[in-house]
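Please look through the sequence and the model below before reading on. The paragraphs that follow move from a pocket to a helix and then to a single side chain.

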Amino acid sequence: MNICCIGAGYVGGPTMAVIADKCPHLKITVVDIDKQRIDAWNSDSLPVFEPGLHDIVMQARGRNLFFSFDVEKGIQDAEIVFMCLPTPTKTYGIGAGRAADLKFIENSSRQIAEVSNSNKIIVEKSTLPVRTAESIKRILDANKNGVDFQVVSNPEFLAEGTAMIDLGDPDRVLIGGEKTTEGDKAVETIANIYSSWVPREKIIKTHIWSSELSKLAANAFLAQRISSINSISALCEATGANIEEVALAIGMDSRISSKFLKSSIGFGGSCFQKDILNLVYLCEHFGLNEVAAYWEQVVTMNDYQKRRFTQRIVKSLFNSIAGKRIAVFGFAFKKDTNDTRESASITVCRDLLAEQAIISIYDPKVEPEKIYADLNIKKGSQESKYPDHCIAAKDPYEAAEGSHAIAVLTEWDEFKDLDYERIFQSMLKPAFVFDGRNILNLEKLQSIGFEVFGIGKGDSL
Ligand code: UDX
């Protein structure tokens, strides 16, 4: 059986690599209009960093996994087409700032209808507003040339940084389809692919709308946990309680559980904010204003947490950071990924730049060009406001040299074991550390001479 995946990004690439690995009998072609991206997938340096991904791609590539920019041929040859396309928040027109922009999905649907000359199952993997599958089906049916399309929703629950583990051993696989004989058959076909390595009882089959909504709801619930613990972190700082002790105590209640209770500078990533805003938009659309406001507060709390961190830095550095060098450790939205979408680090860096600080940023996996692009810095040009205020450093020692403070913004493991004695020597005094991820041993740093600050830790470390 031939499978085509449209979109060679953080979801398409890793997901197809795992399917190719687990199902050697399937031939999978990942297509994308971005030739550079496809070239990278066909090279030794893959465009996505994900622990374990490289090995799997190297084994399957050329065997039953292929990367191509011939989208049309990829679609034509396939019996199943996965859509792994971005659905960013709309930046214009109706629903701007909230609704999902479905133009990539719509364009792809039209292309599928136009070029297909055999029946296909279309699998939507991107997180989409409820009832998008219906729109896809309408576009397909209105433009098809005598072929039959079944649209199935199979939302992706992988988290970046642990994608290989999440895909290899998922908590559940969700497949939603139309409640018709053909719909059931299509769902079964997709279930059969996963059953090669996922136990049957973990494969849930639902109505298509339940499947679409479950994905939005799952992300909203997860993000809500982070905003909840972050709201308590503010209270901890005000009262002298310690957020890690509080999180431990409440997390041991089995009804609450300890996962996703790590206080931070706020959540980032391509999903949480987008999906919640989507949910909010959906609720407003149905006149459910209280429900919309309830979920919107999760995002408001997250914005507050990011802002609060920068304010704390400014306040500690004697109410001004203008012209002061601040070392930023970490730019990705979390460790073990090179993805920076909606990274809290971007917001904090922008706020620091707005305060006219000079920031030197080090991230183990994010390229300097990406850092400059995300911060809208055009080196050597007059267009950017502060082109020389932002430097991408080659290592953390270079970043910290001559700085007043270090801000840890991503929880990369390597930040835990740096030579902080050496770093302290190279910094201006008093030297500050603001641990936005609570990963450092603050007592040890204090004994070296640093002034330290952790999220949700008042005066008690
Ligand atoms: C998320 C969902 O977990 C996944 O199921 C969904 O399919 C896509 O969105 P992802 O965005 O890759 O995955 O990362 P995740 O591990 O969920 O982290 C999201 C953000 O929350 C990160 O910025 C992370 O640092 C932050 N976070 C996470 C916390 O601040 N505290 C926590 O306890 C957990």
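**A pocket, a helix and an asparagine**

In this predicted model, the residues lining the second largest pocket comprise ten nonpolar, four polar and two charged ones. That makes a lining of 16 residues, among which L102, P129, V130, Y281 and L282 lie nearest the centre of the pocket, and the space inside amounts to about 380 Å³. Two elements, α6 (132-143) and α11 (272-285), each give two or more residues to this lining, and α11 supplies the largest share, with four residues.

Helix α10, which spans residues 243-251, has I243, A247 and G251 among its residues as buried positions. Viewed down the axis of α10, the buried residues fall within an arc of 60°, and they therefore line one face of the helix. Part of what covers these buried residues is α9 (208-239), whereas the face of α10 turned away from the buried side carries E245, L248 and A249, which are exposed.

N438 is placed in the loop between β13 (432-435) and α17 (442-448), and it counts as buried because its relative accessibility is 8%, where the cut-off for buried is under 20%. A polar atom of the N438 side chain lies 3.0 Å from the backbone oxygen of I455.

Conventions
Residues are numbered from 1 along each chain as its sequence is written. This is a predicted model: local features need pLDDT of at least 70, side-chain atom pairs count only at pLDDT 80 or more; totals for chains, interfaces and linings use all residues. Side-chain values use heavy atoms; hydrogens and water are left out. Buried means under 20% relative accessible area, exposed over 50%, partly exposed in between (1.4 Å probe, protein chains only). A polar contact is a pair of N or O atoms within 3.5 Å; within protein, one must be able to donate a hydrogen and the other to accept it, and residues adjacent in sequence count only if both atoms are side-chain atoms. On a 1 Å grid over the protein atoms alone, a cavity is a set of points where a 1.4 Å probe fits but cannot get out, and a pocket is an open set with protein on both sides within 12 Å along at least five of seven lines; lining residues have an atom within 4 Å of a point. Grid points are joined across faces, edges and corners, and a volume is the space filled by probe spheres set on the points. Ala, Val, Leu, Ile, Met, Phe, Trp, Tyr, Cys and Pro count as nonpolar, Asp, Glu, Lys and Arg as charged, and the others, Gly among them, as polar. The arc is that of the directions from the helix axis to the C-beta atoms. Contact means heavy atoms within 4.5 Å.
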